[in-house]
Amino acid sequence: MELMYQSTRSGQVKVTASQAILKGLADDGGLFVPESIPQLDVSLEAISKMSYKETAYEVMKLFLTDFTEAELKNCIEKAYDKKFDTGEIVPLTEKEGVYYLELFHGATIAFKDMALSILPHLLTTSAKKNNIKNEIVILTATSGDTGKAALAGFADVDGTRIIVFYPKNGVSKIQEKQMVTQKGSNTSVIGITGNFDDAQSGVKAMFNNKKLAEVMNSHGYQFSSANSINIGRLVPQVVYYVYAYSRLLADGVIKDGEKINFVVPTGNFGNILAAYYAKNMGVPVNKLICASNENKVLFDFFETGIYDKNRDFILTSSPSMDILISSNLERLIYKIAGEDADATSQMMNLLTSQGKYEITPDMKEKMNCFIGGWADEEKTAVEIKTVYNNTGYVLDTHTAVASAVYRDYRQKTNDLSVTVIASTASPYKFGTSVMSAIDEKYKGIDDFALIDELSKLSHTNIPKAISEIRKADILHNTVCDTKDMQKEVEKILKL
Ligand SMILES: *Cc1c(COP(=O)(O)O)cnc(C)c1O
C-alpha cells in the first residue's frame, strides 16, 4: 500500500513521497508528513545482523513506498560509499559508559552528510518518476554546515545544479575554505555582503518569483530546495537511530526490548525528530533528551508548553544550534495536536504574527517522552575538558552541549538507561573553540593553525575533509551585493 504525505496545515492535498521530495515545502506553507508513521516490519534482532546500508533500506522502504526496490537500493549504494571514512558509516564509541553515535564520518565531517549524501539521488530519482525533464537547480542559503554538505552531495550529480549563497563575513575560516574550494562543474558558490538572514531572504524571494520560474522553465530549469524541512532529509536520519539500537543489541549491551535514551544537540529540530520517528516505528526509547545551547527556546518550550522566540539571538561556539525558529518542530506539534491541521496552522500563524504560541496541557502530556536541557558556553567548554581529561576523547562544541546536558540529567534523575548521544560534528571543524576549552593557551589562534596540534592531542588522523582544503585551490571567488543575488543566478544559468 502506498504511504501518502500531507501538509501539517491542511488535510486535503495528498502527495506521494517522490512528489513531497520534489516540492520540499507544501503550497500552503506547511511541512509534509506521512499519513501515519510506518512500523518496522523486521525485528530489531534481525536488523542487528545487517549492515548500515541494509538497515537504511529496511527503514526507508517503509517511508518511500513509491520507489522501487532497485531505485532505493541504487540511491543508498551511491550515498553511503567511500565518501565515508569508515565502513561502519556511523561508529558507536563508548566513553565513561555513554555511547557517542559518530555522525561525522562523511565528506564534510558534520551530520548533515547523513542526509545530504543521499538527497541528490532521491531527488533525481523523484524527478524521473514524475517525468520532470528540467534540470533541477538547488538554491541554498547557508550559515556554514549545510552549504558545504549540499555542495558535496550534489557535485557532478547529473540533472542537477547547485548554487550556494553564504554571508561573506559570517562563516568560520574552515567553513568558507570548504565551500570556495568545491569541485564539480555544476557547483556555484557566492559570498554576499549581507548576513545570513539577507541570504535567506534573497533565496526565498527567488523561490517565490513566478516570472523567474517561467524564464527558468523556458530554459529547461526548475528550483528545488535541500533544506532540512524536506522529507528527503528527515527519512535518511531515522536510519541511524534504528541502527544504533541494533548495534547495542548486537554487542550485548542491551537486551531485546530494553529502552534506551537518545540525547541530541538541537537547532532546527530535524535530527531529534528523526529519533522520535524511530521511536514511533518501534525502537524502544525511554527519553529523547533535547539539548540546546544558550538559545534555549526549546528548553523553555518543553518546560512550560510556551514557544517564545521573542528574545535576543546569541552567537555561541556551537553555531549550527544558534536558531530561534526550529522549523521541524511543526511536525511534532501536528502529531501531538492529534494530526489536527487547523490547530497546527493557528499556532504557526501565531508564531509568525506574535513570535509565540502555547500548546494545550493535553498536547504537553503527549510529548512527555521529551526532556529539554541546555548548557551555557562555560559549561560546554568544561564538558570538552572533562571528557578529554577523563578519556582522551575530544568532543566538538555541539556534541559537548549534549554531553553536558546528559551529565546533568543523569545526576538529577539517576536514570540508568543505556544512553546514546548524537555526535554531530568532528572537533576539527571547530578547532579553536575545542582546543581553547582544553587549554587556554590556544585562545585566539585560528582553526587552521591548530589542526596538527588537535591531531596530536586527540591521537586521531586529520580527516580528509580538512587536509584536502589546506592546500586546495580557490575555485569560487564571486562576491555580490545582497540585491544582486538574482542577477548572479541569471548569469550562472545564462537566462
Ligand atoms: C545542523 C547541526 C545541528 C542541529 O541539528 P538540527 O537537525 O537542526 O536540530 C547540530 N550540530 C551540528 C554540528 C549541525 O551541523
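In this predicted model, helix H21 spans residues 464–471, and its buried residues are Ala 465, Ile 466 and Ile 469. Viewed down the axis of H21, these buried residues fall within an arc of 95°, and they therefore line one face of the helix. An α-helix has 3.6 residues a turn, so residues three or four places apart point the same way. On the other side of H21, Lys 464 and Lys 471 are exposed. The cover over the buried residues of H21 includes helix H8 (173–180) and helix H20 (451–458).

A second part of the structure shows how two helices pack. Two packed helices are described by the angle between their axes and the distance between the axes. Helix H9 (residues 196–207) and helix H22 (residues 485–493) pack at an angle of about 60°, and their axes lie 10 Å apart. The crossing in which H9 passes H22 is right-handed. H9 contributes Asp 198, Ala 199, Gly 202, Val 203 and Met 206 to the contact, while H22 contributes Met 485, Gln 486 and Val 489. Of the residues in this contact of H9 with H22, 5 are nonpolar, 2 are polar and 1 is charged.

Thr 160 is located in strand E7 (residues 160–167). With a relative accessible area of 3%, Thr 160 is buried, because buried means under 20% relative accessible area. Not counting residues up to four places away in sequence, Thr 160 touches Thr 124, Glu 135, Ile 136, Phe 154 and Asn 186.

Technical notes. Residues are numbered from 1 along each chain as its sequence is written. This is a predicted model: local features need pLDDT of at least 70, side-chain atom pairs count only at pLDDT 80 or more; totals for chains, interfaces and linings use all residues. Side-chain values use heavy atoms; hydrogens and water are left out. Buried means under 20% relative accessible area, exposed over 50%, partly exposed in between (1.4 Å probe, protein chains only). Helices (H or I, at least four residues) and strands (E, at least two) are DSSP runs, numbered from the N terminus. The arc is that of the directions from the helix axis to the C-beta atoms. Contact means heavy atoms within 4.5 Å. Axes are lines fitted to C-alpha atoms, for helices over the stretch in contact, and angles run from 0 to 180 degrees between N-to-C directions. A crossing is left-handed if the near helix is turned anticlockwise from the far one by less than a right angle, and right-handed if clockwise. Ala, Val, Leu, Ile, Met, Phe, Trp, Tyr, Cys and Pro count as nonpolar, Asp, Glu, Lys and Arg as charged, and the others, Gly among them, as polar.
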